[in-house]
Amino acid sequence: MKYFDAHTHTNFVAYNDDREQVILRAKDAGVGMNVVGTQFDTSKAAVVLAEKYDNVYATIGLHPVHTTKSYHDVNELGDGGKEFTSRGEIFDAKAYEALGRNPRVIAVGECGLDYYRAEANTRELQKKTFIEQIELANKLGKPLMLHIRNAYADAHDILKAHAKVKGDVHFFAGNWDTAKKFLDIGFTLSFTGVLTFTHDYDEVVKNAPLDMLLSETDAPYVTPVPYRGKRNEPLYVQEVVRAISRIRGEGMEEVSAQIMANSRRIFGLDKIV
Ligand SMILES: [Zn+2]
C-alpha cells in the first residue's frame, strides 16, 4: 500500500452496482482503505468487506445523527445518501463489541457530536452515545474515528475526560486554534477532497506536523478536483495527498510516504494479518 483512505464508505448503497470494481481499482493503484460504518448495518457490511479484501479494513460504530431521528439532506450529503435514512438507533454496546473484536476492525466510529444537522434537544443523547463508544474503544484498545460538527469544544472535553485511546478527527473543519487542541491530546486530523477546491483549511494543513495528518475521501461524498461531478471513490485519495503536498510545499513522494506511515501507526495496520 502506498496510499491510505482513512475514512470511506464503500459499504454504502452508492456502490451496490460496482463495489468490487471500486475496491479493486484502488488496490491496483496501491490504495488501502478504512471502510467506516455509520449504524449497525453499515458497520456489519464494513466488516464483511474487510474480511474479503486485503486492502480493506473496517471501523464500526454509530454516527451521531443516527442516534436520533436524522434527516437526509441530498445537497449536503450528495448522491448515495440513501444510507442516511431517518431512524434512531440505540447503541447496543454488546453487539458492537462483538463486531469490534474482529481483527480487521481498526477503529470505533464514526462517533462523536453533530450540532449542525441534529436538533439541540438531541445533544444529551448524542453525548451519552459518544461516551459509550469511547468506553468501547478503551475496552478494545482500538482508536476512535471521530465525526465532529459544530461541536469541537464539547467533543474535546468529553475526549479528555473519557478517552484512554487516541484517534482521528475525520473531515476536520475547524481553525488552527481548534486543530492545536486536538493535536495536543494526540489526535490526528484527516482531510478530504475539499482541499482541492477551497483554501479554508490551508493554514491548518500547513501548520500541523506532517506526522499528525491523514488523507481520506469520505466517498461517496466530496469528490476532489478533477473528478468533481462524479461519484467519489477511494482511488481518488491520491488527489487529497497531492493537495496536502501542494499546500505544504513538500514533495508528493515524501508526503505520501509519511501519510502512509501515519496510517500504519494510528490504526496498527502492521499487526493485522
Ligand atoms: Zn463518514
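**Reading burial, contacts and a metal site**

Author: Arginine 248 is buried, at a relative accessible area of 16%; buried means under 20% relative accessible area, exposed over 50%, and partly exposed in between (1.4 Å probe, protein chains only). This is a predicted model, in which local features need pLDDT of at least 70, side-chain atom pairs count only at pLDDT 80 or more, and totals for chains, interfaces and linings use all residues. Residues are numbered from 1 along each chain as its sequence is written, and side-chain values use heavy atoms, with hydrogens and water left out.

Reader: Which residues does arginine 248 touch?

Author: Contact means heavy atoms within 4.5 Å. Not counting residues up to four places away in sequence, arginine 248 touches Val205, Lys206, Ala208, Pro209, Leu210 and Leu213.

Reader: What are the protein donors of the zinc ion?

Author: Donors are N, O and S atoms within 2.8 Å of the metal (3.2 Å for Na, K and Ca); water is not among the atoms, so sites may look incomplete. Here they are His7 (NE2), His9 (NE2) and Glu110 (OE), lying 2.1 Å from the zinc ion. Their spacing along the chain is H-x1-H-x100-E.

Reader: Are histidine 9 and glutamate 110 buried or exposed?

Author: Histidine 9 is buried, with a relative accessible area of 1%, and glutamate 110 also counts as buried, at 2%.

Reader: How far apart are phenylalanine 12 and alanine 219 in sequence and in space?

Author: They are 207 residues apart in sequence and 9.2 Å apart in space, C-alpha to C-alpha. Phenylalanine 12 counts as buried, at 0% relative accessibility.
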